[in-house]
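User: I have a model open and would like to go through it with you. Can we take it piece by piece?

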Amino acid sequence: MGQLPRFTGGSTYYYPNFSDVEQGEKLSRDLQHNLTRLQGLEAVLRVRASRGLRIANFYGNFIIRSSDLLALPNVDEDKAFAVEIAHEETVLSSSSACVQAALLYTTTEGERRIRCLTMEVPVTSALTTMFESADMEGTVSLMSRIAADTALNAKLLDGAERLQSVCMDVLRNYRSLCPPQAKNTSQLLLPESLKLLPLYSLALMKSALFTQTSEVRTDAASHSLPPHAQALLLLPAANLYSSSGAVHPNARRCPPKRPPLSTQTPAAVHPDARCPY
């Protein structure tokens, strides 16, 4: 069943040992949200990058039509896609680079629309600047998706080893840029922006997807696959969410518990209802 939403742009929900008394309210909320959220149909997504850059890979639930074009039978406000961008040229000649995503879709009212997002980022030749400007949540999100893709196409252990390898490469490369006196210390050398990368990597490696014990059910491991699971993108900790049992690194920005279903306006969405990746 998990393969169906992988190619239709959908998602699955997991209710372990379902009980109407304990999980009935959550099921009602999920159904309500799915029926009232904004929805796009028959969508196509094209991603472009500046000269010298190329789209290396996509991660998410979709159908790939070409190297930069995705087909999305349906898309909604909860969907997220990861794009891996690689260098085509050794050195970029400009001082900035642009990435653009254009989404063409049909609304539920039958109106054809296009949404275009463009982002410009600075280009630097200093590796230390690149490390210091790294986005922790974005890095961990992409690492988790690449590891999950590796696990699907090879072995579960290969996905965990890929996470470990990437983390060690980051540590090794940043240490090589540090001054000699700093290298003599035994502590980990990482920029402020990536100081929690080893912790996040270890948490990902211990997620249900990469656990090869009989204690983890197949359904739980399958549900840990991005993008419809939080287990790979979150740190295992207190039971903040009943479906994932995990805490997001930005949990402080998550909304408080929502009011009972009977008093909640169906179309109302809390401004912080979605934690950033």
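**The hairpin and its sheet**

Analyst: Strand β6 (residues 96–107) and β7 run antiparallel and are joined by eleven bridges. Keep in mind that this is a predicted model.

User: Which residue in β7 does Leu103 stand opposite?

Analyst: Leu103 stands opposite Arg115.

User: And how many residues sit between β6 and β7 in the hairpin?

Analyst: Four residues lie between β6 and β7. Gly110 is in that turn, with a positive phi of about 90 degrees.

User: What is the order of the strands in the open sheet?

Analyst: Five strands form the sheet, in the order β3-β4-β1-β6-β7, and the pairing is antiparallel. β3 (63–66) and β7 (112–122) are at the edges with a single partner strand each, so one side of each has no neighbour in the sheet. From one strand to the next, the twist averages 25 degrees.

User: How many of the residues in β7 are buried?

Analyst: The count is zero among its eleven residues, so β7 is hardly covered, given that buried means under 20% relative accessible area.

User: Changing topic. How many helices and strands does the chain have?

Analyst: The chain has eight helices and nine strands. It has 277 residues, and 34% of them count as buried. The accessible surface of the chain is about 17000 Å², with 55% of that belonging to carbon and sulfur atoms.

User: Which residues touch the most other members in the largest nonpolar core?

Analyst: That core has 22 residues, and the ones touching the most other members are Met136, Val140, Leu163, Val170, Leu194, Leu197 and Phe210. The elements giving two or more residues to this core are α4 (136–153), α5 (156–177) and α7 (197–205).

User: Take Val170. What is it in contact with, leaving aside neighbours within four places in sequence?

Analyst: Val170 is in contact with Phe131, Leu190, Leu194 and Leu197. There is also a second, separate core of twelve residues, which includes Leu45, Phe58, Leu70 and Leu72.

User: Now Arg37. Where does it lie?

Analyst: Arg37 is in the loop between α2 (20–36) and β1 (39–49).

User: Is Arg37 buried or exposed?

Analyst: Arg37 counts as buried because its relative accessibility is 13%, and the cut-off for buried is under 20%.

User: What does Arg37 touch, not counting residues up to four places away in sequence?

Analyst: Arg37 touches Tyr13, Asp76, Glu77, Asp78 and Lys79. The side chains of Arg37 and Asp76 are joined by a polar contact of 3.2 Å.

User: Last topic, phi. What is the phi of Asn17?

Analyst: The phi of Asn17 is near 50 degrees, a positive value in a residue other than glycine. Most residues other than glycine have a negative phi. Asn17 is in the loop between α1 (3–8) and α2.

User: Which strand does Glu42 lie in, then?

Analyst: Glu42 lies in strand β1. Its phi is near 50 degrees, also a positive value in a residue other than glycine.

User: Are Asn17 and Glu42 buried or exposed?

Analyst: Asn17 counts as exposed at 62% relative accessibility. Glu42 counts as exposed at 60%. The cut-off for exposed is over 50%.

Terms used: Residues numbered from 1 in each chain as written. Predicted model: local features only at pLDDT ≥ 70, side-chain atom pairs only at ≥ 80, totals over all residues. Heavy atoms only, no water. Buried < 20%, exposed > 50% of the residue type's maximum accessible area, 1.4 Å probe, protein only. Areas by Shrake-Rupley, 256 points an atom, 1.4 Å probe, with all protein chains shown as cover. Core = buried A, V, L, I, M, F, W, Y, C linked by side-chain atoms within 4.5 Å. Contact = heavy atoms within 4.5 Å. Pairing = 2+ DSSP bridges. Axes fitted to C-alpha atoms, helices over the stretch in contact; angles between N-to-C directions. Polar contact = N/O pair within 3.5 Å; in protein donor to acceptor, adjacent residues only side chain to side chain.
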